[in-house]
Amino acid sequence: MTDVRIAIQLHPQHASYADIRTAAAHAEDIGVDVLYNWDHFFPLYGDPDGAHFECWTMLGAWAEQTERIRFGALVTCNSYRNPQLLADMARTVDHISGGRLIFGIGSGWFERDYEEYGYEFGTAGGRLDALAAALPVIKERWRKLTPPPVNGTIPILIGGGGEKKTLRIVAEHADTWHAFGDVATMAHKTKVLDKWCAEVGRDPASIDRSVGIQSAEEGLAVMDDYHALGFREFTLGLNGPGYDFTGVELLLDWRDAKNAR
């Protein structure tokens with residue numbers, strides 16, 4: 001099982017890009033392992049028409065700005081881009097960064113994005129079917145590109161906890177599974193994922209486990225329990241414009257103590 005990692009999701013809303021850039025630099029400077037944004041076109045909370053920036057152009061900037069930290073979208077929406085194009089975008093960002101990109105992807109859910117940008121919203125099941133169809137296309141395009149991704153491929157993170165479709169897609173394609181929920185919920189979802197792995201012939205230990213926490217204080221109260229379930233990445237969301245890192249150092253101290261054992 002991999003070492004513990006602390007991740008920060010900088011919500012790309014209610015902030016200037018200068019604020020976001022400063023926060024990304026600070027995350028790297030203090031030793032955060034992974035830096036995420038998200039793939040939406042409008043704020044998800046607060047002023048619904050407040051400042052907001054696009055995902056993949058930001059990831060390209062982070063690839064150039066940073067030197068050590070791994071990064072990606074938590075998560076990009078499969079619906080918004082042709083999968084062949086998305087594969088090429090990801091390969092290019094991966095090269096800009098020297099191979100540090102994490103390819104986070106999901107089926108999409110925020111209806112306003114779809115309506116205002118002209119995408120068909122459809123149904124949750126249909127969007128999941130589209131994700132399942134896109135992932136082999138994306139991986140095949142990576143194999144065809146010249147040059148290919150830095151390390152031959154790009155690690156795939158899939159977000160979500162749906163037991164009938166999402167976790168099967170995770171079992172088939174993901175290097176990392178990311179979800180939200182209390183410890184009891186994650187214990188149950190872990191068992192469901194393990195069953196899907198058995199069905200598709202995948203070693204469940206080959207899938208890294210990632211979980212979101214609401215705050216450093218709440219996270220530290222339960223992270224040992226998540227860790228016992230096999231979770232190794234812990235992600236804290238930060239909102240603009242201030243991107244308050246209070247408590248992040250405590251998470252990093254907990255990480256270092258765990259990894260020293």
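This is a predicted model: local features need pLDDT of at least 70, side-chain atom pairs count only at pLDDT 80 or more; totals for chains, interfaces and linings use all residues.

Biologist: Is Thr 176 buried or exposed?

Modeller: The idea is to look at relative accessible area, where anything under 20% counts as buried. Thr 176 has 13%, so it is buried.

Biologist: Which residues does Thr 176 touch, leaving aside its neighbours within four places in sequence?

Modeller: Thr 176 is in contact with Ile 156, Leu 157 and Ile 158, and also with Ile 207, Asp 208 and Ser 210.

Biologist: What about the nonpolar core? Which residues have the most contacts inside the largest one?

Modeller: Those are Leu 10 and Phe 103, in a core of 65 residues. Take Phe 103: setting aside its neighbours within four places in sequence, its contacts include Trp 56, Leu 86, Ala 90, Ile 138 and Trp 142. Phe 103 also meets Ile 154, Pro 155, Ile 156 and Leu 157.

Biologist: Now helices. How do helix 1 and helix 2 pack?

Modeller: For a helix pair, check the angle and the distance between the axes. Helix 1 (residues 17-30) and helix 2 (residues 55-65) pack at about 45°, and their axes are 11 Å apart. That angle makes helix 1 oblique to helix 2. The crossing of the two is right-handed.

Biologist: And which residues of helix 1 and helix 2 meet?

Modeller: From helix 1 you get Tyr 17, Ile 20, Arg 21, Ala 24 and Ala 25, and they meet Met 58, Ala 61, Trp 62 and Gln 65 of helix 2. Sorted by class, the contact of helix 1 with helix 2 has seven nonpolar residues, one polar and one charged.

Biologist: Helix 2 packs with helix 3 as well. At what angle?

Modeller: About 20°, with the axes 7 Å apart; helix 3 covers residues 83-97. Angles under 35 degrees count as roughly parallel, so helix 2 is roughly parallel to helix 3. Here the crossing is left-handed. Helix 2 brings Trp 56, Leu 59, Gly 60, Ala 63 and Glu 64, while helix 3 brings Leu 86, Met 89, Ala 90, Val 93, Ile 96 and Ser 97. By class, the contact of helix 2 with helix 3 divides into eight nonpolar, two polar and one charged.

Biologist: Which other pair does a cis peptide bond join?

Modeller: Gly 240 and Pro 241, where omega is about 5°. Pro 241 is in the loop between strand 9 (231-238) and helix 9 (248-259).

Biologist: And phi? Where does His 14 lie, and what is its phi?

Modeller: With phi, look for positive values in residues that aren't glycine. His 14 has phi near 55°, and it lies in the loop between strand 1 (5-10) and helix 1. Its relative accessibility is 17%, so His 14 counts as buried.

Biologist: What is phi for Tyr 243?

Modeller: It's positive, about 45°. Tyr 243 lies in the loop between strand 9 and helix 9. With a relative accessible area of 3%, Tyr 243 is buried.

Technical notes:
Residues are numbered from 1 along each chain as its sequence is written. Side-chain values use heavy atoms; hydrogens and water are left out. Buried means under 20% relative accessible area, exposed over 50%, partly exposed in between (1.4 Å probe, protein chains only). Contact means heavy atoms within 4.5 Å. A nonpolar core is a set of buried Ala, Val, Leu, Ile, Met, Phe, Trp, Tyr and Cys residues joined through side-chain atoms within 4.5 Å. Axes are lines fitted to C-alpha atoms, for helices over the stretch in contact, and angles run from 0 to 180 degrees between N-to-C directions. Helices (H or I, at least four residues) and strands (E, at least two) are DSSP runs, numbered from the N terminus. Angles under 35 degrees count as roughly parallel, over 145 as roughly antiparallel, 65 to 115 as roughly perpendicular and the rest as oblique. A crossing is left-handed if the near helix is turned anticlockwise from the far one by less than a right angle, and right-handed if clockwise. Ala, Val, Leu, Ile, Met, Phe, Trp, Tyr, Cys and Pro count as nonpolar, Asp, Glu, Lys and Arg as charged, and the others, Gly among them, as polar.
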